[in-house]
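Hi,

Here is the structure I promised to pass on.

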Amino acid sequence: MSWQKINTVGFVPGDVPRPRIGHTMTAVENKIFMFGGSVDGMPSNELWILEIGETENRWINTKGKVTGKAPSPRYLHNALYSKHLDRIIFLGGVADDIDLHVLEPNYPDRLAWSSPSGSGRIPSYRNSFFY
């Protein structure tokens, strides 16, 4: 195993994500979904996709391309991909809510947010990173 720098296309302002900390990056097949983080000291709910190709890699800004209600801006949250459900699941972090949020990651066919309901006690506030 070795590290390799990934070059991307589209280095035009607005075509690549701004620098951030406390975000999540979740791999699904040939795409990496980057969500949230602290951007210029403010929580974000931006969703970007890094599409890994055979000859080139590119960032995709999903603004206006996702249905459903996006989670509130957050950083230091958790995310995982369930292959069985074909969903990315987000929880917690520093945010206005600690609700569970789910993303259907089938870009470009279907990219949709949802917040499943459930019963029982809601987990207490938590974040996933320590400085």
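Are Trp48 and Trp59 buried or exposed? Both are buried (buried is under 20% relative accessible area, exposed over 50%, partly exposed in between, with a 1.4 Å probe and protein chains only).

Before you read on: this is a predicted model, where local features need pLDDT of at least 70 and side-chain atom pairs count only at pLDDT 80 or more, while totals for chains, interfaces and linings use all residues. Residues are numbered from 1 along each chain as its sequence is written, and side-chain values use heavy atoms, with hydrogens and water left out.

Now the rings. Searching the whole structure gives four aromatic pairs (rings of Phe, Tyr and Trp, the last by its six-membered ring, with centres within 6.5 Å; planes under 30 degrees apart are stacked, over 60 edge-to-face, the rest tilted). Trp48 and Trp59 form an edge-to-face pair, because their ring centres are 6.3 Å apart and the planes stand at 90°. Trp48 sits in strand E6 (residues 47-52) and Trp59 in strand E7 (residues 57-61), so the pair ties together parts 11 residues apart in sequence (strands, E, are DSSP runs of at least two residues, numbered from the N terminus). Elsewhere, Phe35, Phe90 and Trp113 are linked into a cluster by ring pairs.

Next, a sheet. Four strands make an open sheet in the order E9-E10-E12-E13, with antiparallel pairing (two strands pair if DSSP finds at least two bridges between them). E9 (78-82) and E13 (110-114) are the edge strands with a single partner each, so one side of each has no neighbour in the sheet. Strand E12 (residues 101-106) pairs with E13 over five bridges, in the antiparallel sense.

Arg20 is in the loop between strand E1 (8-9) and strand E2 (24-28), and it counts as buried at 11% relative accessibility. Its side chain makes a polar contact with the side chain of Glu46 at 2.6 Å (N or O atoms within 3.5 Å, one able to donate a hydrogen and the other to accept it; sequence-adjacent residues count only if both atoms are side-chain atoms). The Arg20 side chain also reaches the backbone oxygen of Gly36 at 2.9 Å.

Thr26 lies in strand E2 and is buried too, with a relative accessible area of 7%. Leaving aside residues up to four places away in sequence, Thr26 touches several residues, including Phe33, Leu80 and Ile88 (contact means heavy atoms within 4.5 Å).

Cheers
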